[in-house]
Amino acid sequence: MGELLACVSEREVEDFLSGLSANALKALPWMFEFWALPHQMPPCADWNTWVVLGGRGAGKTRAGAEWVRSQVEGARPMDEGVCRHVALIGETYDQVRDVMVFGESGILACSPPDRRPKWEATRRRLVWPNGAVASCYSASDPESLRGPQFDAAWVDELAKWKKGRAAWDMLQFALRLGDDPRQVVTTTPKNVAVLREILAGVGVVSTSAPTSANAVNLAQSFLEKVTADYGGTRLGRQELDGELLEDVDGALWRLSDLDGTRVEMAPKLDRVVISVDPPTTSGEKADDCGIVVAGVVAQGPPQDWRVYVLADLTVSAASPNAWAAAVAVAAQEFGADRVVAEVNQGGEMVEAVLRQQSALLPYKGVRASRGKSARAEPVAALYEQGRIYHLGGLRELEDQMCQMSLAGFSGKGSPDRVDALVWAITDLMIDPAQTFQRPQVRTLY
């Protein structure tokens, strides 16, 4: 209905609204089916699981909150709805409370005053005037779902749950009340096994939409910036277009595998390097300057060493002085033992530019004698062995990694971030010519 109104003239909208009673006008803001976008409404087909895939800001949370309302509310405030025992599950309890319950598109914000549930903080639940209850659970504690039982569930951002499979399985055993228990999953799609398996299951339907579908409710400056920065990239297709991206054929890395490398902090490190893949040109159309920081725990024999990728500080369209300044600042911030830079194109100029920013910068120039994929392959093998870990904030780097295969790079532009990563790990773990001098141990967070 809302879409139909958007297609008619302003006069026709005014005529329609003027024909409504005062009570109908007051109720209109709370009638979601009137305003909803197509992907926010449950499909008409018979289903037990509805998966709402969407880009950032596409209206997934609102869809989940309104679906819960539709299940627990009756025709009048005290009338019973279809369901009375609902599970609200997010990655953490705080995220359930702050997004699903109290968020701008959460249940409380969507509920009209006469049907608004009461929040019981000590019991972590919502209670509606008609007695229906929605209890909050953290997917980080799957065992908390062992025991309770429900006739409905709303699952939010399942694709980023660290214990996704275990939490999902426990929920399935708990959905056993009523004649037709159902669940809704709202998530930005990521190529993780549990989401793929859910979508391929029996009785599962899905809807999807890009961020732009909800443009009327988003800041124009936000849309313009994220489209300019990420439009056309693999990360943009996932986070903005809401696409569930399959792995590139023969990819050296997979997103599902990289999920297992994540840690919240690095331990004490024995050596830290900053690797640089300089662009060959400057200006607005120049390639990025890949800058990656990594450190190694080098205790025991080399096969026991572990690398931690600490930061991706890649800069775009920067002049030589600008990217060199970024490297110098990073070297100071992370206490780097060495800056490693590829010199195939820049030669002595690369070192000279870096020295202008920091005359005492510990520096090593490296020259590529093999192609990018050939250099990346032994680094990918270290990942397969579980010897490389990632801190947060590396999404764009990981996006490039998953587009590298033995056939080359399938992404847009040059894989500058991956090149820098490969040089860093090569210097720390692979290069047999390096002389390892253990410096004073430091802790990096």
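Reader: What does the accessible surface of the protein chain come to, and what share of it belongs to carbon and sulfur atoms?

Author: In this predicted model, the C-alpha trace of the protein chain spans about 80 × 55 × 40 Å along its principal axes, and buried residues make up 49% of its 445 residues. The accessible surface comes to about 21,300 Å², and the share belonging to carbon and sulfur atoms is 51%.

Reader: Is S405 buried or exposed?

Author: S405 is found in strand 16, which covers residues 404–405. Leaving aside residues up to four places away in sequence, S405 touches D249, G250, A251, L252 and S373. Its relative accessible area is 7%, and since buried means under 20%, S405 counts as buried.

Reader: In the open sheet of eight strands, which are the edge strands?

Author: The eight strands follow the order 3-4-5-2-6-7-1-8, with mixed pairing. An edge strand here pairs on one side only, and this holds for strand 3 (118–120) and strand 8 (204–209).

Reader: Which residue is the bridge partner of I89 in strand 6?

Author: Strand 2 (residues 85–90) and strand 6 (residues 152–156) run parallel and are joined by four bridges. Within strand 6, the bridge partner of I89 is V155.

Reader: What angle does the direction of helix 8 make with that of strand 7?

Author: Helix 8 (residues 164–174) packs on the sheet, where it touches strand 1 (49–54), strand 2, strand 6 and strand 7 (182–187). The direction of helix 8 makes an angle with that of strand 7 of about 155 degrees.

Definitions and conventions:
Residues are numbered from 1 along each chain as its sequence is written. This is a predicted model: local features need pLDDT of at least 70, side-chain atom pairs count only at pLDDT 80 or more; totals for chains, interfaces and linings use all residues. Side-chain values use heavy atoms; hydrogens and water are left out. Helices (H or I, at least four residues) and strands (E, at least two) are DSSP runs, numbered from the N terminus. Buried means under 20% relative accessible area, exposed over 50%, partly exposed in between (1.4 Å probe, protein chains only). Contact means heavy atoms within 4.5 Å. Accessible areas come from the Shrake-Rupley method with a 1.4 Å probe; for residues, only the protein chains shown count as cover. Two strands pair if DSSP finds at least two bridges between them. Axes are lines fitted to C-alpha atoms, for helices over the stretch in contact, and angles run from 0 to 180 degrees between N-to-C directions.
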